[in-house]
Amino acid sequence: MTTPTSDATLPVPLPSTDPVLSHPDLDLALLATHWRPTTTRAAMGGEAMRGADHKAQRLGVSGEALMEEAGAAVAAAIRALLVTTERGGHGPVLILAGPGNNGGDGSVAARYLAAAGVRVVCVLVASEDRPTTADARRAWDRLQGTDVERIHASNERDVRFLLAGIEKAAVIVDGLLGSGVHGPLREPIRTAVDLIVRGRETGVPVLAVDTPTAVDLTGGQASDPVVRADVTVTFHRPKLGHLTRIGKALAGRVLVAPIGIPAAADPDA
C-alpha cells in the first residue's frame, strides 16, 4: 500500500487520481492520516466556502471538476467506513441524493463505488425528475448505463417505501442538503431525514456529504428533524459549524478532503 500522507506541509493528491484511496485495506484511521494536511487548515464558515468555490471557478477550476473530486473523496470515505465497520458484504450502499450539488456529489460517489465493484443504490429525493443544477444533472445522467441502481423518490410515499428494507443497507449516505437551510424541512426531504434516522437506529452507519442535513456550516444550528452522522466528509477546509457543540455532536468523525480549490481562492488570499 502506498504510504498515506501525514506531514501537514506536504500537498495531498486530488481524490480522483490518488492511488492511496483505491487500496482495499484503507480504513478511516488511515484516511484521516492521509488527509491530515487539509484537516489541519484553518476553519471557515459556509458563506466563505461558497465564496472560495465561486472564486475557484473564476480562476478556471470548473464546478464539474470540483464535484468530481468531492464525489471521489466521498466514495473513498464510504469504502473506508465499510472496511472499518466490516460491513462490506452486508448489503448495498444507499445514497440519498438531494436535488442540488450536495446530491451531485453523491451521484459522483455512486459512480466511483460501482466502478470499484461496490453494490450501490442512488436515490434522487426531489419533486423534480432530474437534479436542479447543471453539474448535478450531469452527474446523475452519467449513472445511466453503469451498475448503479437509480431510483427517483418524488414524494413522501416513495421515500417511505424505502423504509421497508433500510436495515439491509451497508451504509446510508446523506447527500440531501448542504448548509444554508432555515426553518422546517420540506417534503420529500423531511421524510428522507426520518429514513436516515430510522436506519441509524437499526445499526446502519451514516456518512454525511459536506454536513449532515441540515447542520449549518457556520453556526452549527440544526434543522428539525436533523441527521446525526457517524462520519462527515467536508471539503477544502474544516468548517466552523462542525466545531460547535451541536455541530460536533451531529457530524461525528469529520474528514476534510482536498478538491482542487487553489489557495488564491480563499477569502483571505
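Helix H4 (residues 63-85) meets helix H6 (residues 134-141) through Gly-63, Glu-64 and Met-67 on the H4 side and Asp-135, Ala-136, Arg-138 and Ala-139 on the H6 side. Contact here means heavy atoms within 4.5 Å. Helices (H or I, at least four residues) and strands (E, at least two) are DSSP runs, numbered from the N terminus. The model is predicted: local features need pLDDT of at least 70, side-chain atom pairs count only at pLDDT 80 or more, and totals for chains, interfaces and linings use all residues. Residues are numbered from 1 along each chain as its sequence is written, and side-chain values use heavy atoms, without hydrogens and water.

The axes of H4 and H6 lie 9 Å apart, at an angle of about 55°. H4 is therefore oblique to H6.

S2, H6 and S3 form a right-handed β-α-β unit. S1, helix H5 (residues 101-115) and S2 form a right-handed β-α-β unit as well. Right-handed means that, with the strands pointing away from the viewer, the path from the first strand over the helix to the second runs clockwise.

Strand S2 (residues 120-125) pairs in the parallel sense with S1 (residues 93-97) over five bridges. S2 also pairs in the parallel sense with S3 (residues 149-153), over five bridges. Pairing requires at least two DSSP bridges between the strands. Leu-94 stands opposite Val-121 of S2. Val-123 has Ile-151 of S3 as its bridge partner.

In a regular strand, side chains alternate between the two faces of the sheet. Both faces of S2 are covered. Val-120, Cys-122 and Leu-124 are buried on one side, and Val-121, Val-123 and Val-125 on the other. Buried means under 20% relative accessible area (1.4 Å probe, protein chains only).

Technical notes
Buried < 20%, exposed > 50% of the residue type's maximum accessible area, 1.4 Å probe, protein only. Axes fitted to C-alpha atoms, helices over the stretch in contact; angles between N-to-C directions. Parallel < 35°, antiparallel > 145°, perpendicular 65-115°, else oblique.
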